[in-house]
Amino acid sequence: RSAVQIERAFLAEIGSGCTLPVGAFCNGQVLSAFAQGDAGVIRRGRVRVDGDFDPLAAARELAADVTA
């Protein structure tokens, strides 16, 4: 799967597109993301996506980390 598909899966999982202060970047091995909460706190997270993996599961895991 392409890095763009993984990034989009993350944004879809948190229910965002271009309206929330979030970002995701996949370099082919690691999906990194951040989200800014209401109090201005920025949460960051990473999940490995190389080898055999489910991109939706990776997106869910990372979304849970940065929105907790």
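1. Two strands pair if DSSP finds at least two bridges between them. Helices (H or I, at least four residues) and strands (E, at least two) are DSSP runs, numbered from the N terminus. By that rule, strand 1 (residues 22-26) pairs with strand 2 (residues 30-36) in the antiparallel sense, over five bridges.

2. A note on the source. The model is predicted: local features need pLDDT of at least 70, side-chain atom pairs count only at pLDDT 80 or more, and totals for chains, interfaces and linings use all residues. Residues are numbered from 1 along each chain as its sequence is written, and side-chain values use heavy atoms, with hydrogens and water left out.

3. Strand 1 and strand 2 form a hairpin with three residues between them. In its turn, glycine 28 has a positive phi of about 100 degrees. Strand 2 also pairs with strand 3 (residues 42-48), in the antiparallel sense and over seven bridges; phenylalanine 34 has arginine 44 of strand 3 as its bridge partner. Five residues lie between strand 2 and strand 3 in this hairpin, where glycine 40 in the turn has a positive phi of about 85 degrees.

4. Helix 2 (residues 55-67) has 13 residues. From first C-alpha to last it reaches 18 Å, close to the 18 Å expected, where the expected span is 1.5 Å times one less than the number of residues.

5. Which residues of helix 2 are buried? They are Pro55, Ala58, Ala59, Leu62, Ala63 and Val66, where buried means under 20% relative accessible area (1.4 Å probe, protein chains only). These residues are on the same side of helix 2 because they cover an arc of only 130 degrees around the axis, taken from the directions from the helix axis to the C-beta atoms. Their cover includes helix 1 (3-13), strand 2 and strand 3.

6. Phenylalanine 10 touches (heavy atoms within 4.5 Å) residues including Leu31, Ala59 and Leu62, not counting residues up to four places away in sequence.

7. Alanine 35 is in strand 2 and is buried, with a relative accessible area of 7%. Alanine 35 touches Pro21, Val22, Val41, Ile42, Arg43 and Val66, not counting residues up to four places away in sequence.

Definitions and conventions:
Buried < 20%, exposed > 50% of the residue type's maximum accessible area, 1.4 Å probe, protein only.
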